[in-house]
Amino acid sequence: MAVTEVRISIHPAGLNPKDIAEKIKEQFPDQVIDVAEFRDQVSVIAKRDQIVPLLKYLHDDPILSMDHLQDLTAVDYLKKKDVRFEVVYNLYSTKYRHHIRIRAQVPENDPKINSVVPIWAGANWHERECFDMFGIEFTGHPDLRRILMPEDWEGYPLRKDYPLQGPALENDWPGFTEVLKRSKELREFEWEG
Amino acid sequence: MIQKEAEKIFETKELNVNMGPQHPATHGVLRLVLDIDGETIVKVTPYVGYLHRGIEKLGESLSYFQALPLTDRMDYVSAMSNNIGYCVAVEKLFGIEVPERAKFIRTIVGEMSRIANHLLWLATHALDIGAMTVFLYCFREREWILDLYEMICGARLTVTYPRIGGVRNDVPQEFLESLWKFTDEFPSRILEYETLIDQNRIWLQRTVGIGVISAEEAVSWGMTGPTLRGSGVPYDIRKHMPYDAYDKVEFEVPIGTTGDTYDRYRCRMLEMRQSNNIIRQCIEKLPPGPVMADEPKFTLQPKDKMMPITHPTKEMAYFIEEKACKGCGMCLRACPAKAIFGEKKKPHKIDQALCLQCATCFVTCKFKAMKIVPGGKGLSDEKLAELAAAPVPEEITKAAEHLVKQFEFIKKGPKVPEGELYVATEVPKGELGFYFVSDGSGKPYRMRLRAPSFIHAGCLPRLCVGHLVADVIAAIGTIDIVLGECDR
């Protein structure tokens, strides 16, 4: 129980993200589909079959050491791209200070991808949220349930074909209709004001 | 002997206890289901989502300007930091540079919100554990900061003071003076809290060795901010990826060693002192100049620049031309004062007594049936029709044009380059990340918020198992969560 104040220097990132992308290409030549760059951030678009070994390599390699999973999410490219979903991993190395983004393609007819919880324990809730919002199943996840929406909710809200205002009145969430019914029943006990 | 016999008679079994969602120590609406064996926690299952408002989905339907106030509502105890996080991310996406003065002002208000947040955290954390006095002392200082907020933007909680491209307005001189006074006073106030609890025997018993997490594990769980630094990982985005003016000020980062509740408490206490230092340096170095980037294509400029001619609202009325009105009902629904009435497919009318002259109907009307008539309130319809028939002065037409232009700009948003990026900033609770996918329009195709509270709430089972029921309260306090941010 001793807290010290340390002076952290401001120094630039360890490896150039382009070099990291090259390294991934060398290690997994048949997995990388494309490399995109925007505002000094590099994203590697990969196939989903070998995603766990690929991320494990990034995590375990002593030169890369991507120990911090900043963010895990998905994007729905409905009618924009051939493959509808992309699961996005934003990785960062707290030791060497470099960043890379991996985007794994997930098709619409079989929305499944392997879970990365064994690599980063924090991916647990990220993947649950992703399943909740996009309906992408993470194979091997220890506890894949809905997290933000009620457990008996139908549909996946962040998909592009899901209406912004939610489901229509007649097929609303049963929990909500139940509350409305209850409030009607109990109205006679309301205070007159 | 008696105990052994008692064990033969009574069997023990695990008990399932529900805690929350309306429990005073859960800091909002967090529900925990505890499996307990006697007093010891065997398993914790957190349930979140009671405050889910779909900010990500909403953000995709709004332009970049319109989505800014939503970020206040995430972490409402440090709204400034959330705004800054959003603005920094959007500015990087747009590719615009913020003026130097705005950067320093943002750093000041960001650190103020860090102090305000840590004060609220300390107050509630100490209250949960049983130290009532600290709560009252902390709120005294927090109130001071909120009053200072009020001086610069008029709001206390949901501020929306930082804007895309800078800040809303320059800070007044009195604000800097009273803030300087605050920074003079504040270190002695921190000492006051520390004398109350730092060596307090009850406090030590409740925090030392509780919720221990090692450095490696903490990184693996995705912890960030002071929660991570308590375990001894020197990861601070203000140093790793400097934004605003953090590369121009000097400060140190407190690091713990054991990673228990006490270390995290000490880290935050020292962090408040550092924030105080940063504010003082910023006030000393504050350069003169503009506070909004001169990029009219990407930012909302000051009102006199966007609307050079503003119409004299007092001396005019809005009037619907009967011939042009198709009776579509658009203005009827849009009117905030409900001053427009009429049936469908028949010309509408405005009740002049209710009209606020806000110009919402004028902007909404697609058939250009809405006319601006010079003249005061309280004129009869016949008189207004007569006035409307006369040619409108040029000044008013121009003012109307500027108004519509500005309205469209905010609603449609600027033209943004296509691409995607993830930008993280250090908010008081940890790493707040924004991941944007832009498709070239004025609205984000995908807006993802990486909320630190969400990740930290996920760590609760790891921190609580093996401890006593009372320590769950300490664990909830130590990770510093706000459920508004957790559920988004």
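Trainee: How many bridges join S3(A) to strand S6 of chain A?

Mentor: Strands are read by DSSP: strands (E, at least two residues) and helices (H or I, at least four) are runs numbered from the N terminus. Two strands pair if DSSP finds at least two bridges between them. Here four bridges join S3(A) to S6(A), residues 99-106, and the two run parallel. One bridge partner of A:Ile45 shows the link: A:Arg103 in S6(A).

Trainee: Where do these numbers and letters come from?

Mentor: Residues count from 1 along each chain as its sequence is written, while chains are lettered from A and ligands numbered from 1 in the order in which they are written. This is a predicted model, where local features need pLDDT of at least 70, side-chain atom pairs count only at pLDDT 80 or more, and totals for chains, interfaces and linings use all residues.

Trainee: What is the mean pLDDT of chain B?

Mentor: First the term: pLDDT is the predictor's confidence in each residue, from 0 to 100. Where pLDDT is low, the predicted coordinates should not be read in detail. In chain B the mean is 85, and 95% of residues reach 70 or more. For the complex, the predictor gives an ipTM of 0.87 and a pTM of 0.84.

Trainee: In which order do the five strands of the open sheet stand?

Mentor: In chain A the order is S2-S3-S6-S5-S4, with mixed pairing. S2 (32-38) and S4 of chain A stand at the edges, each with a single partner strand, so one side of each has no neighbour in the sheet. On average, neighbouring strands are turned by 20° against each other, direction ignored. Axes are lines fitted to C-alpha atoms, for helices over the stretch in contact, and angles run from 0 to 180 degrees between N-to-C directions.

Trainee: What packs on the sheet?

Mentor: H3(A) does, touching S4 and S5 of chain A, and its direction makes about 10° with that of S4(A). Contact has a cut-off: the C-beta atoms of two residues, placed from the backbone, lie within 7 Å.

Trainee: Do S2(A) and S3(A) pair in the parallel or antiparallel sense, and over how many bridges?

Mentor: Antiparallel, over six bridges. A:Glu37 stands opposite A:Val42 in S3(A). A:Val32 has A:Ala46 as its bridge partner in S3(A). Their hairpin has two residues between the strands, and A:Arg39 in this hairpin takes a positive phi near 50°.

Trainee: How many residues of chain A are in contact with chain B?

Mentor: 36 residues of chain A meet 50 residues of chain B. On the chain A side, S1 (4-6), S3 (41-46), S4 (68-76), S5 (85-92) and H3 (123-134) each supply at least two residues. The largest share, six residues, comes from S4(A). S1(A) also pairs with S6(B), residues 253-255, in the antiparallel sense over three bridges. There, A:Thr4 stands opposite B:Ile255.

Trainee: How many helices and strands does chain A have, and how spread out is the chain?

Mentor: Chain A has four helices and eight strands. From the N terminus on, the elements run β-α-β-β-α-β-β-β-β-α-β-α. The radius of gyration is taken over C-alpha atoms, and the globule rule is 2.2 Å times the number of residues to the power 0.38. Chain A has a radius of gyration of 22 Å, well over the 16 Å that the rule gives for 193 residues, so the chain is more spread out than a compact globule. Along the principal axes, its C-alpha atoms fill a box of roughly 70 × 55 × 35 Å.
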